[in-house]
Amino acid sequence: MDNSTYVAISKLTALERQLDVTANNIANANSSGFKAERVLFESYLQKDDASLAGEGTNYVLDRGSYVDDTPGVVVQTGNPLDLALTGQGWFAYEMPDGRMAYGRDGQLVLDAQGQVTTASGAQILDLGGAPLNIPPEFAASVTISDDGVISSPEGGVMGQIGIFELPDRQTLSRGGAGMFVPNAEAQGLAPDETGSSVIQGAVESSNVQPVTEVTRLINIQQAYQHALNLVASDDELKKEMLTRIGRNS
Amino acid sequence: MKALGIAATGMMAQQTNVDVISNNIANANTTGFKSARASFTDLIYENQSREGAVTAEEGTTRPIGLDIGLGVRSVGTLRLNTQGGLTQTESQLDLAIDGRGYFTVNLPDGDQAYTRDGSFRLSAEGQIVNHQGFEIDPGVVLPDNTTAVEISETGIVSAYVEGDPIPVEVGQLTLTTFVNDAGMRPLGNNLLEATVASGDAIPALPGDAGVGILRQGYLEASNVDIIRQITDLIQAQRAYEMNSKAIETADQMMSAANQIK
């Protein structure tokens with residue numbers, strides 16, 4: 001059986017997925033704390049004939065996608081409740097549906113109850129893993145130190161923003177709104193030991209690199225065209241074969 | 001191929017971004033205006049193969065999944081409640097709040113609104129009103145033959161009446177604070193209203209702990225940082241172009257696929 005068309009199709013499908021992932025990265029070029037997603041390809045070898053060792057057909061499989069966790073650029077905003085993280089640490093949140101999640105979105109607001117939440121309503125957790133509260137009378141005049149300690153203008157300590165270690169990526173799924181949700185077995189929070197620090201009055205912007213993403217678009221398009229050419233020339237070959245065989249008979 | 005839809009969400013988000021930025025720039029000279037910033041987050045992910053799924057009987061698991069994000073959405077506009085600069089004016093009824101707090105204004109429909117714009121005037125009846133003629137709350141009425149008004153940092157209004165060198169105390173201005181200033185809803189005309197998100201109005205006197213003081217003869221300028229807005233505008237435009245590039249690529253790929261036969 002002639003497999004070349006199917007090999008090309010496996011490549012085309014994988015490229016379409018990669019285009020979707022790239023388009024999502026570009027769409028989130030301005031989402032603060034967003035981490036770009038990358039696609040991993042691998043070949044899937046099918047041996048056509050056992051007697052021909054090492055020969056066979058290689059199909060493309062998009063095995064998975066992974067998160068590019070390089071830090072984004074830290075942009076100064078001057079807002080006292082904008083927090084950027086440096087280093088490998090992550091914030092933890094309690095999402096509106098009660099699940100726990102990790103993220104690096106530090107654009108925080110205070111709700112009417114004095115709870116510190118993100119714009120989409122997820123509450124940030126303190127070092128002990130409980131939702132953080134700031135007494136309403138100190139709102140908007142708090143100072144947050146490098147290690148996340150929140151203090152009032154008079155110097156009283158009101159809590160500490162938790163900086164945690166991100167568990168294995170395989171226990172996390174992306175929950176949207178910049179969140180990484182751990183599965184049922186990985187609920188424990190481990191404080192970050194790598195010396196991450198909080199910068200008050202700044203926001204970590206998305207780590208999407210415009211040039212990389214646009215060049216990736218070009219690569220995807222060219223690879224797609226090559227795979228299509230393969231389909232077309234395979235078609236041509238078969239057509240040619242059919243006409244010649246037809247002529248000889 | 002979802003790229004078309006994904007890139008479209010990106011373009012819409014950048015349009016919102018440009019709308020917010022241009023409103024900030026338009027209000028660069030509006031008294032007491034607070035600049036806003038659009039905030040974006042990624043949409044949900046389509047999980048095509050799950051991370052941590054068992055790959056063999058030995059209990060090995062898939063280290064990564066295949067997650068395809070479906071674009072971006074705007075979650076809100078954050079109002080930046082930093083202090084604006086104070087500009088000196090010659091008017092006795094111009095007040096700037098140095099610190100936290102809002103003036104309260106009685107709307108004609110009986111509701112109350114809050115403002116940082118302290119450019120007050122007098123009504124025909126001698127009441128202190130804002131530029132739309134809405135009375136401040138609690139109201140202060142100046143005597144008929146007032147020659148000068150003095151408003152202290154703590155909000156005590158004294159009037160000098162013609163022929164009398166000793167001022168008469170005619171009222172006390174108050175301020176209102178909120179737990180979550182960013183949750184107030186803008187009404188236009190420099191007015192904001194309380195919402196469930198902002199919490200209830202907390203009455204306070206100027207100069208109380210955590211509350212600002214009043215500066216007579218000054219107005220609070222907007223806190224719009226023009227340089228910041230222009231650089232944000234450039235970024236938004238380029239991000240918009242990048243998204244349109246993604247649409248173009250998806251379109252050309254589909255067109256190429258259509259042409260193979």
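This is a predicted model: local features need pLDDT of at least 70, side-chain atom pairs count only at pLDDT 80 or more; totals for chains, interfaces and linings use all residues.
Colleague: How many helices and strands does chain B have?

Modeller: The elements of chain B include helix 1 (3–26) and helix 2 (226–259). Counted over the chain, there are two helices and 19 strands.

Colleague: What radius of gyration does chain B have, against that of a compact globule of 261 residues?

Modeller: Along its principal axes the C-alpha trace of chain B spans about 100 × 45 × 35 Å. Of its 261 residues, 39% count as buried. A compact globule of that length would come near 18 Å, but chain B has 27 Å.

Colleague: Among contacts in chain B between residues at least 6 apart in sequence, what percentage join residues at least 24 apart?

Modeller: Two residues are in contact here if their C-beta atoms lie within 7 Å. With pairs at least 6 apart in sequence taken as the set, the share that joins residues at least 24 apart is 63%.

Colleague: Which element supplies the largest share of the side of chain B that touches chain A?

Modeller: The contact takes 62 residues from chain B and 59 residues from chain A. On the chain B side, elements that each supply at least two residues include helix 1, strand 1 (36–42), strand 4 (72–79) and helix 2. By class, that side has 30 nonpolar, 23 polar and nine charged residues. The largest share, 12 residues, comes from helix 2 of chain B.

Colleague: Which residue stands opposite B:V105 in strand 8 of chain B?

Modeller: Strand 7 and strand 8 (residues 112–115) of chain B pair in the antiparallel sense over four bridges. They form a hairpin with five residues between them, and B:G110 in the turn has a positive phi of about 95°. Opposite B:V105 stands B:A113.

Colleague: Is B:N190 buried or exposed?

Modeller: B:N190 is found in the loop between strand 15 and strand 16 of chain B, and its phi is near 65°, a positive value in a residue other than glycine. The cut-off for burial is 20 or more other C-beta atoms within 10 Å. Because B:N190 has 22 C-beta neighbours inside 10 Å, it counts as buried.

Colleague: Why does B:N189 count as partly exposed?

Modeller: B:N189 lies in the loop between strand 15 (185–188) and strand 16 (191–193) of chain B. It has a positive phi of about 55° although it is not a glycine. B:N189 counts as partly exposed because its number of C-beta neighbours inside 10 Å is 13.

Colleague: Where does B:P138 lie, and what is omega for the peptide bond from B:D137 to B:P138?

Modeller: B:P138 is in the loop between strand 10 (128–129) and strand 11 (146–151) of chain B. The peptide bond from B:D137 to B:P138 is cis, with omega near -5°.

Colleague: In chain A, what is the order of the open sheet of three strands?

Modeller: The edge strands are strand 10 (143–144) and strand 12 (157–160) of chain A, each pairing on one side only. Three bridges join strand 11 (residues 149–151) to strand 12 of chain A, and A:V149 stands opposite A:Q160. The pairing is antiparallel and the order is 10-11-12.

Terms used: Residues are numbered from 1 along each chain as its sequence is written. Chains are lettered from A and ligands numbered from 1 in the order in which they are written. Two strands pair if DSSP finds at least two bridges between them. The radius of gyration is taken over C-alpha atoms; the globule rule is 2.2 Å times the number of residues to the power 0.38. A residue is buried if 20 or more other C-beta atoms lie within 10 Å of its own, exposed if 12 or fewer, and partly exposed in between; C-beta atoms are placed from the backbone. Ala, Val, Leu, Ile, Met, Phe, Trp, Tyr, Cys and Pro count as nonpolar, Asp, Glu, Lys and Arg as charged, and the others, Gly among them, as polar.
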